[in-house]
Amino acid sequence: MKSHARVAVIGGGVVGCSVLYHLTKLGWKDVVLIERDELTSGSTWHAAGGMHTLNSDPNVAKLQDYTIRLYKEIEEISGQACGTHLTGGIMLADTPERLDFLKTAHAKGRYLGLESEFISLEEAGRMHPLVDTSHFVGALYDPFEGHVDPAGVTNAYAKAARIGGAEIYRHTPVVELKPTAEGHWRVVTEKGTIEAEIVVNAGGLWAREVGRMVGLELPVLAMEHQYLITDDMPEIATLENELPHCIDFKGEAYTRQEGQGFLLGTYEQACVPWSLHSTPMDFGHELLAQDLDRIAPSLEIAFQHFPALADAGIKNVINGPFTFAPDGNPLVGPVPGLRNYYAACGVMAGFSQGGGVGLSLASWIVDGDPGMDIFAMDVARFGDFATAGYARAKVQENYRRRFSISYPNEELPAARPLRTTPVYDRLKAEGAVFGAAFGLEHALWFAPPGTEPVENPTFRRSNAFAPVAEECRAVRTAVGMLEISNFAKYDVTGPDAEVWLSRILAGRLPRTGRMTLSPMLNPKGRIIGDFTVAKRDADHFMIFGSGPAESYHLRWFRAHLPDAGVAIRPQGTDLVGFGIAGPKSRDLLARLTDDDVSNQAFPFMSFRTMDLGLVRAMVGRISFTGELGYEIWVTPDRQIALYDSLRSAGADLGLKLFGGRALNSLRLEKSFGAWTREFTPDYTPREAGLDRFIDSAKNDFIGHDAVVADAQEQTRRKLVTLTIDVNDVDAFADEPVFADGDVIGWVTSGGYGHHVDRSIALAYLAADRIAGDIGYEVEILGERRPARLEAEPLFDPQGTRMRS
């Protein structure tokens with residue numbers, strides 16, 4: 001065993017071997033993999049080996065497509081067969097709602113270049129003779145699904161990695177990880193110690209243990225998962241072609257052919273966690289006790305939907321543990337707060353996602369960037385709120401919902417409420433319907449008195465539509481109040497704060513008492529953040545950004561901090577507040593302060609500290625609604641006093657509480673983009689329309705050279721505003737946009753503009769297909785709906801209202 005390596009990958013399952021292979025593919029040869037037992041020990045060896053492209057996040061779906069296409073490559077390099085059965089797959093919908101869900105998946109696949117298509121039930125029956133199609137209303141076929149041999153795939157990755165220069169140490173348990181002064185890791189094993197510049201935790205079932213070696217509690221949990229294999233069935237033996245992979249959403253089951261028998265696995269409601277606190281180090285190629293009673297409800301449905309199963313004997317029952325993260329997606333990337341420690345774990349669909357995870361993580365290590373927006377897999381999407389208890393609750397919820405419909409307006413209840421602000425109970429008493437982001441409860445909308453504060457999950461307009469319209473009306477005609485504690489807030493101080501911020505952010509920094517908007521870019525000139533920056537005094541700035549991205553952005557900030565001269569502190573819920581917006585918002589503010597808040601004394605983008613009623617607050621004159629408005633920040637102990645003062649002073653002004661649903665409607669009317677929607681690492685500032693916020697006089701900000709180079713190139717796509725002819729359904733996100741029958745873009749945000757009375761979508765379109773005389777169409781729930789390009793924002797295009 002060597003004494004030094006650039007990267008040590010801990011864990012020899014499919015994910016660890018994929019990471020190792022991709023590191024060698026990118027040119028790093030001084031890399032090793034350390035496995036406590038044999039390769040595939042843990043979850044990999046007993047997996048059913050299914051592969052598919054279906055995922056709620058488009059980039060994860062794209063990486064799953066990459067994974068499936070990769071198998072041919074690693075077979076050719078390694079000479080090891082992957083046992084690939086590219087049978088195609090059928091997803092069966094038993095209700096109109098499930099059919100709508102499949103329509104959204106199919107539409108997303110259109111702009112990703114995936115090849116799914118709806119087929120008739122008759123065709124589904126011909127392709128899969130064991131299905132009784134009378135139970136279903138629709139079927140989606142994907143030719144790029146099937147299954148592989150788990151051991152074959154893992155060893156193909158491993159052999160290809162060895163050919164590329166990597167070394168693999170089997171039967172070598174890691175017992176300790178010790179950080180060095182240089183930021184490296186001493187990887188202590190039972191057979192010796194390796195100093196690694198970078199460590200990758202691909203521990204699978206043992207990811208928690210490898211995390212605890214460095215004081216990290218990863219939010220992962222193993223669940224028992226069962227599938228059964230029947231005896232040989234005469235109905236299968238006489239088939240000319242192998243049966244396609246099949247997902248039966250009603251039965252919460254996936255199926256495929258196994259030899260001359262049938263394989264059926266379930267994600268049952270009566271799910272059982274495995275080894276809640278720790279994974280035994282001597283667990284390896286064991287299986288768990290079978291428990292068919294637990295999956296009996298799914299089996300009963302399977303016997304109805306696949307009648308031949310009723311007469312088939314069971315040859316084998318596999319019950320083994322698989323590791324899940326709280327939302328079902330992997331945990332990938334640099335772990336915040338730890339130098340040179342990366343995660344590649346929680347990958348429950350290893351044979352759909354393993355290749356994509358390996359590619360993304362290896363690119364991150366070698367190039368400093370995963371190559372695309374993978375926030376849906378980023379380990380930083382969870383903060384320290386994601387405790388072991390949180391993971392247990394959310395993982396079980398996610399497991400039960402594996403084959404459930406995911407509605408765009410649905411908020412799931414497990415592990416809630418977790419983080420709340422002092423005003424939570426006041427808002428709840430006012431009928432607030434809450435969502436949760438980064439574990440923090442925030443109001444989405446307010447149910448009218450006498451109605452239940454619950455939103456009906458749907459792909460169409462919900463019972464929130466009319467109340468949200470009233471909230472928007474109040475903001476546009478009087479004044480509304482929104483809690484904004486779910487924004488991320490950072491305090492930046494020190495004698496070098498301004499110099500550091502000028503390098504980190506691409507935009508112009510404000511003068512004292514002022515604010516500016518600024519994108520943050522990576523070295524490739526891609527958007528990794530958009531912020532409001534306020535300057536309190538010479539050495540003190542505040543940064544405001546996306547709440548769910550707090551850990552993600554803080555990781556970047558801290559990675560680029562100098563050794564001295566600058567300090568950054570996330571405020572979290574140590575700073576809470578409200579936004580007030582509307583033509584009467586200045587009148588409301590003036591009633592609570594002796595400060596002069598006239599337009600001359602406190603103009604747009606001003607920032608100052610002032611007394612409001614009983615409390616001292618920081619106030620910024622800005623609003624994401626596009627209206628005259630203010631963001632007001634206080635410490636938590638003063639939030640209720642501020643709330644009461646605002647409600648009392650605004651009563652005769654028509655003050656109305658509003659939530660995130662109304663804010664989204666209002667910002668769409670202004671064509672304002674948002675982080676994770678319009679602004680992600682997939683886009684450049686020029687594509688997103690943020691280039692006007694870049695300070696061209698600076699030449700030292702991160703991404704400067706890439707921005708200059710991009711300015712010389714033809715823009716491939718641009719962010720635009722569309723209005724769509726609809727009835728009871730609006731675009732949400734990921735709908736394809738057509739022109740002359742071609743897919744030429746995709747929707748990033750959509751909704752109804754209640755004030756302008758139009759259905760609105762923000763979308764990226766191919767730059768050479770943007771023109772006012774083109775007839776566009778947006779596919780929503782399987783129907784292409786006419787859309788028009790809007791040359792300017794639909795509300796107050798000159799920005800007069802927010803500057804008045």
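**Overall build**

A compact globule of 804 residues would have a radius of gyration near 28 Å (the rule being 2.2 Å times the number of residues to the power 0.38, over C-alpha atoms), and the protein, with 27 Å, agrees with this. This is a predicted model, in which local features need pLDDT of at least 70 and side-chain atom pairs count only at pLDDT 80 or more, while totals for chains, interfaces and linings use all residues. Residues are numbered from 1 along each chain as its sequence is written, and side-chain values use heavy atoms, with hydrogens and water left out.

**Fold and burial**

- Along the principal axes, the C-alpha atoms fill a box of roughly 85 × 65 × 50 Å.
- The protein holds 20 helices and 38 strands, which are DSSP runs of H or I with at least four residues and of E with at least two, respectively.
- Of the 804 residues, 60% are buried, meaning under 20% relative accessible area with a 1.4 Å probe, protein chains only.
- Among contacts (heavy atoms within 4.5 Å) with a separation of 6 or more, 73% join residues 24 or more positions apart.

**Helix α10**

- Buried residues of α10 include Tyr390, Ala391, Val395 and Tyr399.
- The buried residues of α10 pack against the elements β12 (221-230), β15 (261-266), β16 (273-274) and β17 (314-324).

Conventions. Buried < 20%, exposed > 50% of the residue type's maximum accessible area, 1.4 Å probe, protein only.
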